[in-house]
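Thanks for coming. I will go through one model this morning, starting with a helix and then moving to the strands and the core.

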Amino acid sequence: MAQSELIIIVFDHLEDAFWARRALALMCAQHVFRLEHAAEITRDRTGQTMLHPHMALPAYPHLPHTRMPSLLSNAIFSPGTKDKHDALAEAGLDPFFLESVSQALAPNCSALLFFVPHAGHDVVLPALLNVMGLLNGTLHRTSVPWQLERFLLSHVQMF
């Protein structure tokens, strides 16, 4: 079975993820990708992490993949991440990826998280990666096994 992709771009400033997302939204018409499986994450100067998903709420319960950006964001960046990281690693997510991404999001920084579903016919991954290469951030990428997706969806309250 095919695997999904998780891509996180970390930026040095709090507002950079917002501007990068706007730039990507403008490029969607020229390239084959959509941003409904994306979320902005910011960490303020006190270390408080905020998730800024951009999805239509009526569609939220109907499409399981639309839950993945918020579930993954909460699991990777929210308080108590040690236990969550352990659970994610046990379910198949790369522990080195988890550690490096969570450390990369320092106070007063931001990130864009992209979940590309394995059945993501509306996303051409090379086009998305080429466009992301134009952004001034640090790109982190890993595969998401289908078992991890099933685990996250079945343990929504944990994350």
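This is a predicted model: local features need pLDDT of at least 70, side-chain atom pairs count only at pLDDT 80 or more; totals for chains, interfaces and linings use all residues.

Start at helix α3, residues 81-90, where Lys-84, His-85, Ala-87 and Leu-88 are buried. These residues lie on the same side of α3, because they cover an arc of only 160 degrees around the axis. On the other side of α3 you will find Lys-82, Asp-83 and Glu-90, which are exposed. What do the buried residues of α3 pack against? They pack against α2 (68-77), α4 (95-104) and α6 (146-154). Just after α3 comes Gly-92, with a positive phi of about 120 degrees.

The protein chain averages a pLDDT of 79, and 78% of the residues score at least 70. One stretch to treat separately is residues 57-64, where pLDDT stays under 50. For that stretch the model has seven contacts beyond four places in sequence.

**The chain as a whole**

The protein chain has six helices and five strands. Read along the sequence, the pattern is β-α-β-β-α-α-α-β-α-β-α. Of the 159 residues, 45% are buried. Take the contacts with a separation of 6 or more: 75% of them are between residues 24 or more positions apart. The accessible surface of the protein chain is about 8200 Å², and carbon and sulfur atoms account for 57% of that.

**The strands**

Now to strand β1, residues 4-11. Eight of the eight residues of β1 are buried, so β1 is largely enclosed by the rest of the structure. Both faces are covered. One side carries Ser-4, Leu-6, Ile-8 and Val-10, and the other carries Glu-5, Ile-7, Ile-9 and Phe-11. As a reminder, in a regular strand the side chains alternate between the two faces of the sheet.

Which strands does β1 pair with? One is β4, in the antiparallel sense, over seven bridges. Another is β5, residues 138-144, also joined to β1 by seven bridges and running antiparallel. In β4, the bridge partner of Ile-7 is Phe-114, and in β5, Ile-7 stands opposite Arg-141.

β4 covers residues 109-116. How many of the residues of β4 are buried? Eight of its eight, so to speak for the record, the strand is mostly covered. Both faces of β4 are covered. Cys-109, Ala-111, Leu-113 and Phe-115 are buried on one side, and Ser-110, Leu-112, Phe-114 and Val-116 are buried on the other. β4 also pairs with strand β2, residues 38-43, in the antiparallel sense over six bridges. In that pairing, Ile-41 stands opposite Ala-111 in β4.

Phi of Asn-108 is near 65 degrees, a positive value in a residue other than glycine.

**Val-101 and the cores**

Going back to helix α4, I want to pick out Val-101. Val-101 counts as buried because its relative accessibility is 0%. What does Val-101 touch, not counting residues up to four places away in sequence? The contacts are Ile-8, Ile-76, Phe-77 and His-140. Val-101 and Ala-111 are 10 residues apart along the chain, and their C-alpha atoms are separated by 9.5 Å.

In soluble globular proteins, nonpolar side chains tend to be buried together. Here the largest nonpolar core has 24 residues, and those with the most contacts inside it are Leu-6, Ile-8, Ile-76 and Leu-88. The elements that give two or more residues to this core are β1, α2, α4, β4 and α6. Of these, α2 gives the most, with six residues. Another core, of 16 residues, lies apart from it, and includes Ile-9, Phe-11, Leu-24 and Val-116.

Ile-8 belongs to the largest core, while Ile-9 belongs to the core of 16 residues. That is where I will stop.

Technical notes. Residues are numbered from 1 along each chain as its sequence is written. Side-chain values use heavy atoms; hydrogens and water are left out. Buried means under 20% relative accessible area, exposed over 50%, partly exposed in between (1.4 Å probe, protein chains only). Helices (H or I, at least four residues) and strands (E, at least two) are DSSP runs, numbered from the N terminus. The arc is that of the directions from the helix axis to the C-beta atoms. Contact means heavy atoms within 4.5 Å. Two strands pair if DSSP finds at least two bridges between them. pLDDT is the predictor's confidence in each residue, from 0 to 100. Accessible areas come from the Shrake-Rupley method with a 1.4 Å probe; for residues, only the protein chains shown count as cover. A nonpolar core is a set of buried Ala, Val, Leu, Ile, Met, Phe, Trp, Tyr and Cys residues joined through side-chain atoms within 4.5 Å.
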